[in-house]
Amino acid sequence: MKRALISVSDKTGVVELARRLAAAGTTLISTGGTLRALREAGLDVTAVEDVTGFPEMLDGRVKTLHPRIHGGILARRDIPAHMAALAEHEILPLDIVVVNLYPFAATVARPETTFAEAVEQIDIGGPSMIRAAAKNYGDVLVVTDPAQYDELAERVESGTADMAYRRRLQREAFAHTAAYDAMIAAYLARQAEEETDFPAIWETHYEKVCDLRYGENPHQRAAFYRDPLSRGGVANAVQLHGKELSYNNLVDTEAAWQLATSFSTPACAIIKHTNPCGTALGENMEEAFVRAFAADDVSAFGGIVACNGPVDAATAERMKPIFFEVIIAPEFTQEARDILMTKKNLRLLEAAAPAAAEPQTKQISGGLLVQDADTAADSEAEWEVVTRREPTAEEMAALRLAWAVVRHVKSNAIVVSDAQATLGVGAGQMNRVGAARIALEQAGERAVGAVLASDAFFPFGDTVEAAAAAGITAIIQPGGSIRDAESIEAADAHGIAMVCTKKRHFRHG
């Protein structure tokens, strides 16, 4: 006769599992709400307190933390001394442990949750039972997820719980408790707002959303994971329409969303290979989109579109004739959905802006790099006009847009724009003048009277010379080169206004 301890917060599928275990000759033991649910379903279930001889106490904080439970889980059946100890203390072995944990993530997801309420949702007995059962995997089957119930029942019914299956459950159990503890640690770290240093141990916890068809290339495996404590952003977007998202779709959508949502007025960004091919502002979303697409209608083909405001019917009509992979926005009106959903493969995503920017991480071989996200606002009070001529009001508006966009372009980065939209983008080049030539060539005749932004200082005056030859009238850059005077002199010689921001925005990867 096998004995199963069942104690779950998520009751999904537990009654059916218990029925199948009982039908296979398993004695059921349970606690609290699970006990009530199983008894209400007509099942014969023994209460844990009848096993321990001790009542639940401290508002349920203590119920399974007892030798009659943990002795029954941890005793190895192949060690005579263990079995003799069980017999001496009249403890019966436990063969199956079905446990899932207090809903910590769901609790802290509610904005009104207090710190004290969150702490009460830290499970103690559950992880202890899971870890004990996983340690004694050879004798005890342990499951933590309703998705595991069918196979568990089938294995018990057929007597096929072999060692490979037990080892798999062991791995999954320890991964489950490790993730649970990491989630709690991450929450506690986020509450410690007064702490400015990065923690000694970088805790991470992500839950698998789905496998992806492949990664950057078809020969690479890939999967999509989500931080259960996160709110908003691409990972929590709702897909309204279209085929499944790919690895590259998600990477590019993140880049587009970050850029579009960095503006407070109606803005649209079109991304290709994580770099903006067009970014624009408008009085409304339709105007912003039209300008963004016109910035580089060739590169925009097959791109990712992000809008920082609702997409309405007029905007959707403008988008519909063009091939895009993804369109992401905070909202699509019903009319816009009806228009865009006629394109069966086009992915439509609704997303909310994240509550706060998360630190950025990047793997290196054998380690991890962590940094603050580059979301710090630029203070125009710190900007300095370093040339004889000051920018006009129109040029300043264009410089603000170009400077806002250039931080989202792979370095070396150059952006040419007017006050409404980007006109040319040079991204990821090995030298700055090369990036400038690409951006200026893309802008073409539109560069006459436009402005240019550089994500870092000019080590030589050649970029200014190239800008002047194309008709650029104002430049914004961080400054700080030992050869700043050379660039300033070149700008003065051509009547170009130059602003130094004293802050750079490299984007290396």
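Predicted model: local features only at pLDDT ≥ 70, side-chain atom pairs only at ≥ 80, totals over all residues.
Accessible areas here come from the Shrake-Rupley method with a 1.4 Å probe, and for residues only the protein chains shown count as cover. On that basis the accessible surface of the chain comes to about 25,000 Å², and 52% of this surface belongs to carbon and sulfur atoms.

Residues are numbered from 1 along each chain as its sequence is written, and side-chain values use heavy atoms, with hydrogens and water left out.

Let me begin with the overall form. The chain has a radius of gyration of 30 Å, whereas a compact globule of 509 residues would have one near 23 Å; the radius is taken over C-alpha atoms, and the globule rule is 2.2 Å times the number of residues to the power 0.38. Taken along the principal axes, the C-alpha atoms fill a box of roughly 95 × 50 × 45 Å. Within the chain there are 18 helices and 21 strands, these being DSSP runs numbered from the N terminus (helices H or I, at least four residues; strands E, at least two).

Of the 509 residues, 46% count as buried, where buried means under 20% relative accessible area, exposed over 50%, and partly exposed in between, with a 1.4 Å probe and protein chains only. If we take contacts (heavy atoms within 4.5 Å) between residues at least 6 apart in sequence, 54% of them join residues at least 24 apart.

Now to some particular places, starting with Thr31, which sits in the loop between β2 (26-30) and α2 (32-40). Is Thr31 buried or exposed? Thr31 is buried, because its relative accessible area is 2%. Its side chain joins that of Ser7 through a polar contact of 2.8 Å, a polar contact being a pair of N or O atoms within 3.5 Å; within protein, one must be able to donate a hydrogen and the other to accept it, and residues adjacent in sequence count only if both atoms are side-chain atoms.

Glu40, in helix α2, is by contrast exposed, since its relative accessible area is 68%. The C-alpha atoms of Glu40 and Gln363 are separated by 51 Å, the two residues being 323 apart along the chain.

Finally, helix α18 (residues 484-494) has as its buried residues Asp484, Ser487, Ile488, Ala490, Ala491 and Asp492, and these pack against α17 (462-470), β20 (474-477) and β21 (497-500). After α18 comes Gly495, with a positive phi near 70 degrees.
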